[in-house]
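Work through the following exercises with the sequence and the model open beside you. Each task is followed by a solution that goes step by step.

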Amino acid sequence: MLRNGNEGMSTIPGFSQIQFEGFCRFINQGLAEEFHKFPKIEDRDQEMEFQLFVERYQLVEPLIEERDAVYESLTYSSELYVPAGLIWKTGRDMQQQTVFIGNIPLMNSLGTSIVNGIYRIVINQILQSPGIYYRSELDHNGNSVYTSTIISDWGGRSELEIDRRTRIWARVSRKQKISILVLSSAMGSNLREILDNVCYPEIFLSFSNDKEKKKIGSKENAILEFYQQFACVGGDPVFSESLCKELQKKFFQQRCELGRIGRRNMNRRLNLDIPQNNTFLLPRDLLSAADHLIGMKFGMGTLDDMNHLKNKRIRSVADLLQDQFGLALVRLENAIRGTICGAIRHKLIPTPQNLVTSTSLTTTYESFFGLHPLSQVLDRTNPLTQIVHGRKLSYLGPGGLTGRIASFRIRDIHPSHYGRICPIDTSEGINVGLIGSLAIHVRIGHWGSIESPFYEISERSKEEARMIYLSPNRDEYYMVAAGNSLALNRGIQEEQAVPARYRQEFLTIAWEQIRFRSIFPFQYFSIGTSLIPFIEHNDANRALMSSNMQRQAVPLSRSEKCIVGTGLERQTALDSGVSVIAEREGKIIYTDTHKIILSSTSNGDTINIPLVMYQRSNKNTCMHQKPQVRQGKSIKKGQILADGAATVGGELALGKNVLVAYMPWEGYNSEDAVLISERLVYEDIYTSFHIRKYEIQTHVTSQGPERITKEIPHLEAHLLRNLDRNGIVMLGSWIEAGDILVGKLTPQAANESSYAPEDRLLRAILGIQVSTAKETSLKLPIGGRGRVIDVRWIQKKGGSSYNPERIRVYISQKREIKVGDKVAGRHGNKGIISKILSRQDMPYLQDGTPVDMVFNPLGVPSRMNVGQIFECSLGLAGDLLKRHYRIAPFDERYEQEASRKLVFSELYEASKQTKNPWVFEPEYPGKSRIFDGRTGDPFEQPVLIGKSYILKLIHQVDDKIHGRSSGHYALVTQQPLRGRAKQGGQRVGEMEVWALEGFGVAHILQEMLTYKSDHIRARQELLGATIIGGIVPNPEDAPESFRLLVRELRSLALELNHFLVSEKNFQINRKEV
């Protein structure tokens, strides 16, 4: 955090700083750490030795710009070069060359990487910290059972448990446990050393009978006994080197490697002084752990809270990238060993450059960014989404939990999350509580802990409070006051008794005892949550929905900043990187929609700043920059030059301020539906642009390469009307569903029957070979109409004579708001548009203004999100007074009812200034009598009206609406596929069948289960009857799914047949199913 000498104020850290700092740590420390583990490689006869001179490694500037990497689908990466030497031991001479090891994807200033042209982000994982933890559980008799769990750096767990006869066991698998004496002996201690190193030797001696003593008589016996129990093998195994190796690989490597953090935690918990570089579990650790366990049994010592943040660690970008780099170096080492052996066998003389291959590193990183669960495609719906995605925390992923088995206790909010992990912002559904968000001010410490800043309050410097970052294990022991005064007057003493936090309890304490205090009212929240005004009046569940829904807001064609905000909008927009900011001061020479040219005042250079024009985000929203400065204007460093998507004047602007009324209207807003005025459609209030990408690739078939061409037979001319002479759609053309975007022909092997009669005639008479080609053009799918704004023709440089081509067509759609779209406020109040009413029919105010949206008043009391009412009324006052408000949360701590006083006083002032008494009526403040637009009569009750900030969400009806008449069927069951993407059908499940049975609609039910589903023959007969005319025959035999069931029963050796009994002579005719 920055401290400014003049004011002594603190500023909020950059929101993408956490990602960026992690990557810098990997480049500056992680690379060197992994390089130093790379061994010298010798051949079998020890004639030559290969080594890397890792101190002199260098990363080269990237060869391409970020923008070109996105455009050409390349990876934005840097090449890594290291000097390598090959030493011949016989002649003592050395050959040295600089070798290229591979490409490392770089991170840009927004904390994202560009891999194959796609923005990707690596999210932070939160794991149980390696070390030792004590806990107790009740057994079935109600007695306490004490266990200690040792967690390794790899995430492997081994447990020590103590039974009723105070014997100590180590559990090596779910079923098997062995005596701790056997485990200690197998790790290299003898009985004498064990007894010398424990506090309660008599307890250890009490459970070693003669049979036990034989097992721990020697290290070999102990290892054999351990192996027998661990691998569950019977008989008498023989001690051998391979047996030791197997144990080392399967048990000790996975469960005993503590790592740096684990060693530090182990030393702290067990009061040991083992050196930090000794990261392996030692017998001494084990015996000390057993001592503590015995102490627990007799009531000494404290149990651990596994969910406290001091027992968690963050696995950041740096750790994940460093692990992958280590893995790549191990692969490289194996490849070099193999190459050296091959060279010696074939009597070749290798050079360092021949030995080193760059594929190990490049493919490791490509597969990491492409396949690892923590590497995700950056969500770019709007600027807020981009920035929030990089600050996510996940318990899921390799070494973590899974959504199905995680308990409620892990998902819960813990007191140690205060100021570190947001208690509000988490996903809904199965992963609730497992995917969180970092609070605004946190930073990630050296040991992977989450640190939060506090002001230290000391006697000598009451005025100048010092700011200190505390890790979760430190702030527990101090009394920390909640941020009770404005951030400006930090030194001023508060009331005598203040609310504070101490040892996970929330108490009220005298001011003299306070040691630290919070620095900011938003300190506990994530970015998404901090953008909700009046959040203290909302129920937490609705605040959670709101912070999730703001991330789904679509950037509108004309953005508008909110009247009521929280003051964090500017920094969010700034850090998201969507705006263009002047890097130095100067004068604007030229500006248009494509670029801004700036003349610098310091050295007279002209700087060309390109702007983003109609760029597609991966959620199909439109990213676009609009210049905000005029030609000839002088500008300062840091000034906004151009606004990005969903920003206005450098502030985040996700929605629009619209006039809303809370009242029922003919049932059109029951169950969260929303009624809107046609003004929102005709004046393009909620119009957004969406850009879709359609792609086609040419391949080489066995009959020859595919061709891109305009000359496609058997197609109507109007489908090809937009193609140029190469067969690719022209820029600027308007495209409807079913039109051809790229014409392509695939050569096909022809058999005699596939020829048309005229082709056969040509062959027979003239001997002309007529080639057949299948039309495989790129057609525009249903719902894709729009204007072509970009066509990219990418030719891959291949080694063969034929280079595959890839063509991408970008189509822009203008979408107005319509029935079925989803809109939401900032308080979790969401709804679907049910009807668009003409403006003359909408309810209107006393000055004749028609309302824009009508919400249901019943959506407020039960949901308890009253913040929307405050925002609505204050927005009306702000609109009339031409003011914008930025309100910090929890303003009630300055005086009671502070929010209500603010809103009412502003409404009163607006009423006086505009001379409109209806704005503030003392009998029902905030409400007003309004009129029905259809009749002109006033409504019975006064209605709450105001200006709310409403967002249009990405869940749009155009992307969801779907119907199917006929289409593809699944291969095995022959039932229609499911899902809109596959042009699938609507499932009639078991309960729907019951409903149809209940109505007694036999024919409809039969249709559903036969013709429209999986009765193959009935489907074909229906098609024939439809084309030719005539009656549809009844299906005779069983549908395909029943035949499938019969076959599955046959595979279980159960035959299923049915018989027809003749009425006349009761003759049984067997008929196979």
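**Salt bridges and their surroundings**

Arg1050 is partly exposed, with a relative accessibility of 34%, where buried means under 20% relative accessible area, exposed over 50%, and partly exposed in between, with a 1.4 Å probe and protein chains only. This is a predicted model, in which local features need pLDDT of at least 70 and side-chain atom pairs count only at pLDDT 80 or more, while totals for chains, interfaces and linings use all residues. Residues are numbered from 1 along each chain as its sequence is written, and side-chain values use heavy atoms, with hydrogens and water left out.

**Exercise 1.** Find the salt bridge that joins Arg1050 to Glu1055, and classify the accessibility of Glu1055.

Solution. A salt bridge requires a side-chain nitrogen of Lys or Arg within 4 Å of a carboxyl oxygen of Asp or Glu. Glu1055, at 46% relative accessibility, counts as partly exposed.

**Exercise 2.** Locate the partners Lys310 and Glu476, and state whether each is buried or partly exposed.

Solution. The closest N and O atoms of this salt bridge are 3.4 Å apart. Lys310 lies in the loop between α10 and β14, and Glu476 in the loop between β20 and β21, 166 residues apart; helices (H or I, at least four residues) and strands (E, at least two) are DSSP runs, numbered from the N terminus. Lys310 is partly exposed at 33%, whereas Glu476 is buried at 13%.
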